[in-house]
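Please look through the sequence and the 3D model shown here before reading on.

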Amino acid sequence: MKMFAPLYSYLPTPREMSLWDKTTIEEYAHPASMLMETASRGALQTLLERARPTLTTPILIYVGGGNNGGDGIALGRHLHELGYSVMLLAIKALDNLPSPAREHWTMAQKSKVPWAIIPPD
């Protein structure tokens, strides 16, 4: 018997995702920082259900300097607040994050989420 693919098996292209984000923000007045929070909670749920880490399983989250980095930062904050052993590893300095990602970076710092920057070559 052939099983149907789960509804979440489709991944949007970056262009589609950008359009969905823009539409949600502009037409539905849903702030970008709230989109990040929602995305990170969805990622958290998927990670916990599929990977089933223990509280001592080391979890390393690579984050960049844009809004996708903000999603990772928010995910790291959630994991840290739940007691997981998480580390944010930035691929560049996080001083110039766009506004929504910067908000999540500030929350992560206040929550004392461990982090480090990969040194340049």
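Predicted model: local features only at pLDDT ≥ 70, side-chain atom pairs only at ≥ 80, totals over all residues.

Start with helix H4, which runs over residues 99-110 and so has 12 residues. From its first C-alpha to its last, H4 reaches 17 Å, close to the 16 Å expected at 1.5 Å a residue. H4 is followed by Lys-112, whose phi is positive, near 60 degrees.

Which residues of H4 are buried? They are Pro-100, Ala-101, His-104, Trp-105 and Ala-108. These residues cover an arc of only 140 degrees around the axis, which puts them on the same side of H4. The spacing along the sequence can be understood from a general rule. An α-helix has 3.6 residues a turn, so residues three or four places apart point the same way.

Two packed helices are described by the angle between their axes and the distance between the axes.

For H3 and H4, the angle is about 25 degrees and the axes are 8 Å apart. An angle under 35 degrees counts as roughly parallel, and H3 and H4 are therefore roughly parallel to each other. H3 passes H4 in a left-handed crossing. On the H3 side, the contact is made by Asn-67, Gly-70, Ile-73, Ala-74 and Arg-77. On the H4 side, Pro-100, Ala-101, His-104, Trp-105, Met-107 and Ala-108 take part.

For H2 and H4, the angle is about 55 degrees, with the axes 8 Å apart. That angle makes H2 oblique to H4. The crossing of H2 and H4 is right-handed. Here Ala-32, Ser-33, Met-36 and Glu-37 in H2 meet Pro-100, Ala-101, Glu-103 and His-104 in H4.

Now turn to a residue in a strand. Tyr-62 is found in strand S1, which covers residues 59-63. Is Tyr-62 buried or exposed? Its relative accessibility is 54%, and a residue over 50% is called exposed, so Tyr-62 counts as exposed. Leaving aside its neighbours within four places in sequence, Tyr-62 is in contact with Leu-89, Ile-91 and Ile-118. Tyr-62 and Glu-16 are 46 residues apart in sequence, and their C-alpha atoms are 23 Å apart in space.

Technical notes. Residues numbered from 1 in each chain as written. Heavy atoms only, no water. Helix = DSSP H or I, 4+ residues; strand = E, 2+ residues; numbered from the N terminus. Expected span 1.5 Å × (residues − 1). Buried < 20%, exposed > 50% of the residue type's maximum accessible area, 1.4 Å probe, protein only. Arc of directions from axis to C-beta. Axes fitted to C-alpha atoms, helices over the stretch in contact; angles between N-to-C directions. Parallel < 35°, antiparallel > 145°, perpendicular 65-115°, else oblique. Left-handed = near helix turned anticlockwise from the far one by under 90°. Contact = heavy atoms within 4.5 Å.
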